[in-house]
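Subject: Structure handover

Hi,

Here is the structure I said I'd pass along.

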Amino acid sequence: MARRAREGAAEMTTTRCSSNPRGLILIVVLVVVVLLALLAASYTFMVQAHVRATMTERDHFQARMAAQSGIERAVVLLRENRNDPGKWYDNPAVFHGAIVYTESKDAARSELIERETYDPSAPPTWRFSLMAPNYDNRSTVRYGITDECSKININTATEEQLRRLFDLTIPRDSQHPVDIEVLVQSLLDWREPGEAARPSGAKSDYYQSQRPPYRCKGAPFATVEELLMVRGFSGWVLYGEDYNRNGMLDPNEDDGTTTFPPDNSDGTLFVGLAPYLTLWSNETNLSADGRPKINLNMENTQDLQAALEAEIRPELTSYVMQVRTGGTRFNSVMNLIPAPPPDPEEEGEVESKKPSSQPVTSRPTGSQPTSQPSKGMSGDGRSGSSDQNAPGSEKSGKAPVFKDLTPTPPPGTYDDLPQILDRLTVNPAPFLTGRINVSTAPREVLAAIEELSPEQVTAIAAARSTLRPEDRTTAAWLLRSNAISENKFRQIFNKITTGSSAFTIESVGYADHTGVVERINVVLEMRGPMPQYLYTRNLAKLGPAYRPHGIEQRGTTERVR
């Protein structure tokens, strides 16, 4: 019995052992199949991720190319119309939703305006829009270009200009206390050579105490961002609450510290100083059509007479030759317009080189009260320099009184003024820098002109809103629209312009069928037909910032001071 039991147990053990390899193989096969399935799934997911990443990168590339197309389109327009702001300042017909590429035969700009966002089922259509801050209505944008002469040049601005701009634009925020004098004097110290600091400024001894230490540059700024190295200037001062730099109030910019960036949730947007500052407020001393201006002080009077006879009416030509043959040089093209009487509320006197011996009691037919600049003032609406030592000038602390060069009043009228400002000059310099474009500058920049009162800034802004595009090509509209008095026009004549050769372009590339958006910001200078790129930056990392489909509209951002 025992023997049979042992044999039975051995037989069972043999049977059990002989069946185990088959079960083990099955388990191994199942594990391998699961692993292969996981590997296949992982590989599939990886391939899909790479495909999607490649498609996304392709879309971003196409969006960048669409944005670059917008910049090239702007260059083409500026090549022929840089002195006509009506063509580029705000032109949605050209710069809003312009099609770069489409697979639809029916794609049109009207579809873009009606659509509030992209549609994945839409035929692939790539577009660009040129976006810019709208200074007259800050709840929306301009579809156009910004000229650099509409900003304050931090390399040439006077101390008073900087002080007025900073005081007007920087809010009194208890969370961000700012000393305006520190900002102004530190900026001046940074751009000027030497190691003697102003009372509230800073030179190398201050910057050497910082971590990490560095030296005061003592030379002109190379970028606006360089201000972040200057004492007192922070990211908040330079860029304010406008994190995405679109000039409009976004929800995350009006919710306190709930989301980035931090703000005071007061319903208004502090955009910082950066939108009002530049390094490239350059202009060519040319007429609106690109021709060299006629210098009234050219040495060869025969060539002068021949050039004038082809451009202006005979009475003006005769007067110019009378002055020049008498041995007097023009200190301004405004010498061709009769000098105005002094403003009743202003005193002081600026003598011309050959002052009139009698008061002007009559005006040429068709003229309005007109003015004449002080000695050394600009010879046209867009070029010139001033003589700070002239009596009644800025240094004397008195408002100037202007007089004619000859006992006989000059024959110019307001009707002649646009042509005089456009075609004539007394400044032979080919390029001019640092003057403010009164046709396009925001009110904050206009207010930086020391001679202008807040009421006059408001009057200028109101007058230019009704101008025809062709009226903006010279500063004559300031007088012809009665925005300011003749004497005030003369006082600011050497500080203002209506032209520019440098422009900021922010181009947004996007599509109808995908939500990818790219932003490219460039500053370029038009030297003849060719653009010279001065600054390029991709702003896509700041976020889309705009809703390119439909009409851009946000809450108010107007700051009342």
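Below is what I found, going from the whole chain down to a single residue.

First, a reminder that this is a predicted model. The protein chain has 561 residues, and 50% of them are buried. Its secondary structure comes to 15 helices and 16 strands. On the contact side, I took pairs at least 6 apart in sequence, and 72% of those contacts link residues at least 24 apart.

In soluble globular proteins, nonpolar side chains tend to be buried together. Here the largest nonpolar core holds 84 residues, and Phe166, Leu227 and Leu478 have the most contacts inside it. The biggest contribution to this core comes from helix α6 (residues 180-191), which supplies six residues.

Next, a helix pair. Two packed helices are described by the angle between their axes and the distance between the axes. For helix α9 (residues 301-309) and helix α10 (residues 314-325), the axes come within 10 Å and cross at roughly 165°. Angles over 145 degrees count as roughly antiparallel, so α9 is roughly antiparallel to α10. The crossing of α9 past α10 is right-handed. On the α9 side, the contact is made by Thr301, Leu304, Gln305, Leu308 and Glu309, while α10 brings Thr317, Val320, Met321 and Arg324. Sorted by class, that contact has four nonpolar, three polar and two charged residues.

Is Ile294 buried or exposed? Its relative accessible area is 6%, which is under the 20% cut-off, so Ile294 is buried. Ile294 sits in strand β9 (residues 294-295). Leaving out neighbours within four places in sequence, Ile294 is in contact with Leu304, Ala307, Leu308 and Glu311, and also with Arg423, Leu424 and Thr425. Leu304 and Leu308 turn up again here, as they are also part of the α9 contact with α10. For a distance to check in your viewer, take Ile294 and Asp422: the two are 128 residues apart in sequence, yet their C-alpha atoms are 9.6 Å apart in space.

Cheers

Definitions and conventions
Residues numbered from 1 in each chain as written. Predicted model: local features only at pLDDT ≥ 70, side-chain atom pairs only at ≥ 80, totals over all residues. Heavy atoms only, no water. Core = buried A, V, L, I, M, F, W, Y, C linked by side-chain atoms within 4.5 Å. Buried < 20%, exposed > 50% of the residue type's maximum accessible area, 1.4 Å probe, protein only. Helix = DSSP H or I, 4+ residues; strand = E, 2+ residues; numbered from the N terminus. Axes fitted to C-alpha atoms, helices over the stretch in contact; angles between N-to-C directions. Parallel < 35°, antiparallel > 145°, perpendicular 65-115°, else oblique. Left-handed = near helix turned anticlockwise from the far one by under 90°. Contact = heavy atoms within 4.5 Å. Nonpolar A, V, L, I, M, F, W, Y, C, P; charged D, E, K, R; others polar.
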